[in-house]
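User: I'm new to this one and would like a close look at a single part. Could you walk me through how the helices pack together around one spot?

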Amino acid sequence: MTRKYTLSVPEEFAKKIDTWRDRINLSELFREAVSKMIDKKESFQQRMEGDETLDAIVDRLRAEKMAMEQDFSDIGSEDGIAWAKAANYQTLLHAVRLAEDKSSILFPPMDVSDVFQDELLGNYFQERIDEDALMAPQSYAGALEGPALSWLMGWRESVLEFWNLIKDRLL
């Protein structure tokens, strides 16, 4: 038994197919190409499933990912403390309010463009995140994730810790 599939192709490509159609068996060509692709994918999958070290590799990469995220959180914490020490009162207060407001741009999920467009902090965040290739977002139209998110969470927490340490002394 055979099944029929319908394919869509761009108009220019369809014209080329029409030109050669009497010399090419499209069904056979499709069967061969798809069969080859499926065989290749199944072969790769079988090699990976038969590889007992795959679980060990996944465990190692997971541990490395967690360590990297912690490293970026620590860097964010150091940057947050340095920033808070140098910030003027108005900007520090703005950052603290953002850091305390769970619906603000400083809480996930956060849109990259929102973080970078903040009136008082946007330029700082964009410059700092763009400095590191691992933190720089793939796109400026999506959620902040990975190392940049870890960095920002470390930054936020350290700014709050700094504020809690000094706020009563400002009275």
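Analyst: Let's start where α6 meets α7: Y124, F125, R128 and I129 in α6 touch A148, W151, L152 and W155 in α7. Contact here means heavy atoms within 4.5 Å, and the helices are DSSP runs (H or I, at least four residues) numbered from the N terminus. Sorted by type, the residues of this contact are 7 nonpolar, no polar and 1 charged. For that count, Ala, Val, Leu, Ile, Met, Phe, Trp, Tyr, Cys and Pro are nonpolar, Asp, Glu, Lys and Arg are charged, and the others, Gly among them, are polar.

A word on where this comes from: it is a predicted model, in which local features need pLDDT of at least 70 and side-chain atom pairs count only at pLDDT 80 or more, while totals for chains, interfaces and linings use all residues. Residues are numbered from 1 along each chain as its sequence is written, and side-chain values use heavy atoms, with hydrogens and water left out.

Back to the pair. α6 and α7 pack at about 130°, and their axes are 11 Å apart; axes are lines fitted to C-alpha atoms over the stretch in contact, with angles from 0 to 180 degrees between N-to-C directions. That angle makes α6 and α7 oblique to each other, the label left over once under 35 degrees is roughly parallel, over 145 roughly antiparallel and 65 to 115 roughly perpendicular. The crossing of α6 and α7 is right-handed, that is, the near helix is turned clockwise from the far one by less than a right angle.

Now α7's other partner, α3. Those two helices pack at about 40° with axes 6 Å apart, so α3 is oblique to α7 as well. Their crossing is right-handed, and the contact of α3 with α7 holds 11 nonpolar, 7 polar and 3 charged residues.

In α3 (residues 54–86), F72, G76, D79, G80, W83 and A84 are buried, meaning under 20% relative accessible area with a 1.4 Å probe, protein chains only. They pack against α4 (89–100), α6 (122–130) and α7 (146–166).

On to α4, whose buried residues are T91, L92, L93, A95, V96, L98 and A99. They pack against α3 and α7.

One more residue is worth a stop: R156, which sits in α7. R156 counts as buried because its relative accessibility is 8%. Neighbours within four places in sequence aside, R156 is in contact with A99, L106, F107 and P108.

Technical notes:
Buried < 20%, exposed > 50% of the residue type's maximum accessible area, 1.4 Å probe, protein only.
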